[in-house]
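Please read the following note alongside the sequence and the model.

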Number of protein chains: 2
Amino acid sequence: MIERARQLDAGDPLAEYRERFLVPEGVIYLDGNSLGCLPKATPARLEEVVREEWGRDLIRSWNTAGWIDLPAKVGGKIAPLIGAKPHEVIVADSVSVNLFKLISAALAMRPGRKVVLSEPGNFPTDIYMIEGLEKRDLATRRLAARDKLHEALDEDVALLLLTHAHYKTGELFDMGELTRAAHEAGALVLWDLSHSGGALPVDLNACEADFAVGCGYKYLNGGPGAPAYAFVAERHLEDTQQPLSGWMGHAKPFAFSDDYAPAPGIERLLCGTPGILGLSALEVGVDLIAETGVERLYAKSQKLSEFFRQCLAESGVEIELVSPTDPASRGSQLSFRHEEAYAICQALIARGVIGDFRDPDILRFGFAPAYLHFEDMAEAARHLAEVLESNEWQSNEFNKRATVT
Amino acid sequence: MIERARQLDAGDPLAEYRERFLVPEGVIYLDGNSLGCLPKATPARLEEVVREEWGRDLIRSWNTAGWIDLPAKVGGKIAPLIGAKPHEVIVADSVSVNLFKLISAALAMRPGRKVVLSEPGNFPTDIYMIEGLEKRDLATRRLAARDKLHEALDEDVALLLLTHAHYKTGELFDMGELTRAAHEAGALVLWDLSHSGGALPVDLNACEADFAVGCGYKYLNGGPGAPAYAFVAERHLEDTQQPLSGWMGHAKPFAFSDDYAPAPGIERLLCGTPGILGLSALEVGVDLIAETGVERLYAKSQKLSEFFRQCLAESGVEIELVSPTDPASRGSQLSFRHEEAYAICQALIARGVIGDFRDPDILRFGFAPAYLHFEDMAEAARHLAEVLESNEWQSNEFNKRATVT
């Protein structure tokens with residue numbers, strides 16, 4: 001397998017990009033879908049922001065270093081990765097906070113309708129943000145399984161809120177088809193791109209999506225807790241009224257008026273003062289992913305995951321795949337079910353193979369193709385085979401659960 | 001004046017702390033109330049967080065580096081600066097977002113009352129966040145001038161929301177007296193400490209305050225757009241239901257349940273994934289301010305501002321002071337009114353004296369005593385006298401307004 005892996009690496013046009021990231025010695029990192037690796041250019045850029053822009057130029061950097069425009073600038077760089085126009089995307093706050101803004105905005109655009117439709121088992125924060133509005137009697141949460149979504153789309157639905165690539169299984173929704181169905185039912189659509197933006201080609205405008213949010217710290221390699229992004233289709237910009245109407249979303253923040261007037265464009269999604277350290281780190285990650293190109297990344301991640309499955313099969317590993325078997329139907333990840341998933345995950349981590357565990361029984365491997373080689377696949381498969389065969393995961397050491405996994 | 005300044009510096013127990021900050025050569029920085037200076041320890045700490053915690057240890061750092069506990073840890077360090085218990089304070093999001101959470105929570109705790117009372121000319125974001133709720137019919141905004149607040153506190157008021165030290169004038173509210181008055185009227189109180197936390201002794205619990213928010217990038221020196229903090233009095237923790245119910249505020253975030261259950265303590269104020277770079281930089285700033293001690297800082301800032309006024313008087317400068325003349329009635333700043341405030345501010349900046357301008361006619365100087373010397377006061381006063389006397393501010397160059405000032 002190793003020989004075949006090396007041949008694949010030799011023919012991989014993206015192989016060289018691994019050098020642009022710090023991938024620690026002795027680690028096979030299959031968790032880039034949870035926290036992306038550090039781009040080698042990031043520390044120097046942050047040092048510059050800290051020592052020069054903050055330390056030396058101080059308050060003046062809001063103008064001279066362009067801090068004030070950074071949320072729109074980085075948003076504009078994310079836009080082409082998700083099929084958006086630059087002025088339709090902005091970086092701000094967290095995914096959760098942006099969900100709240102856009103769910104609220106959508107509800108205000110559909111008076112008389114209160115239902116926000118999602119699926120059970122969606123990433124929890126998506127569902128919780130609906131609940132926050134429901135407790136104020138501003139929304140009604142409705143959850144319907146994937147195959148029941150169409151019939152659940154009735155005249156009460158204001159918004160369909162779905163995660164494009166499922167966090168647990170990687171299964172993709174057909175964005176175009178579901179957006180059409182929602183529109184036919186008179187509803188708006190909000191796509192959570194946390195597990196697809198920067199990993200695979202997304203074309204929000206071709207699908208006529210209304211709203212989207214996405215994560216900065218997974219496939220965009222923006223660092224732990226990096227700020228998130230939000231998309232509003234151009235046709236809705238003027239009508240998008242979000243309740244977190246902080247001063248940075250004001251048309252004239254520095255007029256210090258007592259009355260709120262939203263900025264004319266996507267800046268109206270801003271709320272408080274943007275975090276410049278996080279934004280600056282995110283910009284480096286976005287630049288790097290934009291350079292590699294999402295089409296090439298996705299093509300490679302499909303090859304990586306298929307090769308990983310092949311290696312497992314050849315090693316005689318039998319473990320239940322919960323991700324779609326067709327690579328075109330999933331994001332850049334593979335998830336397996338095993339009742340001892342937690343302990344197996346810990347045993348792999350002890351061997352330097354970092355995947356993650358998702359309660360209660362899912363072993364999840366992300367294939368961030370910008371810094372993974374095919375050789376990593378062969379090695380990871382070998383380790384998984386050895387762990388399962390040796391039963392080393394049954395050791396007590398691997399059965400104590402830590403806070404975060 | 002310079003001689004007297006040097007004597008004062010020689011007797012100042014805080015003088016040595018300037019060495020712990022990077023204060024650029026040739027700059028007299030009187031804008032620490034807008035963006036605090038860079039602590040010299042910050043770049044190395046960030047380098048460690050980026051290269052080791054993120055780059056080398058990757059996802060494991062949520063446990064091994066304690067990222068998951070960082071919001072509560074840094075909040076616990078801010079607590080003694082504002083008269084709170086460690087488990088009553090958490091770092092999260094921005095001041096604006098935290099205002100939204102706590103205004104909403106307060107309204108839910110006062111059913112039948114909808115008015116949120118504030119003053120006109122409060123920092124705009126405080127007022128705008130009330131508006132965001134008012135547009136959803138969840139709140140009614142009421143603004144009453146300082147001397148009319150008592151009579152405006154009627155049985156419709158759910159919450160009194162005030163900024164302790166006014167951003168424009170530095171004037172302080174009597175926190176204890178107003179909190180009592182609000183409670184007598186059956187209302188709750190939310191204090192915005194953005195211009196007082198870390199600058200002067202605040203005693204939330206002695207005043208029986210209910211809620212508070214504050215800023216990380218001013219007197220706490222956390223860096224541009226640093227995350228903010230929020231306080232909930234222990235007696236309210238269990239009843240505080242905030243609508244931004246993201247996954248990090250869940251009692252068991254990693255159970256990935258479809259149903260939201262708030263964390264039992266202050267963690268319920270968390271929403272999305274915390275930004276670790278910003279939090280880590282803030283921790284360094286907080287540690288440094290905690291070491292200097294807010295009592296000593298405030299005593300020095302009062303001496304600095306009084307000495308500055310003396311220097312101005314001795315230089316024959318006549319300019320209208322809009323801050324209280326009694327130093328005990330103001331925060332660590334002095335603001336002056338001049339119809340050409342903008343151009344004067346620009347002319348001072350060109351000379352290396354950085355204060356700021358607040359629309360339409362306010363020239364604002366902040367005295368962050370951890371890194372200012374009395375000699376800076378004498379020099380700044382001399383520059384202001386020269387600028388006013390020479391009329392150099394009338395040059396065209398200083399009359400073009402930039403985006404941010």
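1. Is Asp356(A) buried or exposed? Asp356(A) counts as buried because its relative accessibility is 0%; buried means under 20% relative accessible area, exposed over 50%, and partly exposed in between, with a 1.4 Å probe and protein chains only.

2. This is a predicted model, in which local features need pLDDT of at least 70 and side-chain atom pairs count only at pLDDT 80 or more, while totals for chains, interfaces and linings use all residues. Residues are numbered from 1 along each chain as its sequence is written, chains are lettered from A in the order in which they are written, and side-chain values use heavy atoms, without hydrogens and water.

3. The side chain of Asp356(A) makes a polar contact of 2.7 Å with that of Arg364(A). A polar contact is a pair of N or O atoms within 3.5 Å; within protein, one must be able to donate a hydrogen and the other to accept it, and residues adjacent in sequence count only if both atoms are side-chain atoms.

4. Between chain B and chain A, 88 residues of chain B are in contact with 88 residues of chain A (heavy atoms within 4.5 Å). In chain B, Trp54(B), Tyr128(B) and Arg136(B) lose the most area to chain A, together 11% of what that side buries.

5. The interface of chain B and chain A holds 2 salt bridges (a side-chain nitrogen of Lys or Arg within 4 Å of a carboxyl oxygen of Asp or Glu). Asp259(B) forms a salt bridge with Arg141(A), with the closest N and O atoms 2.9 Å apart.

How values were computed:
Buried area = accessible area lost by both parts, 1.4 Å probe.
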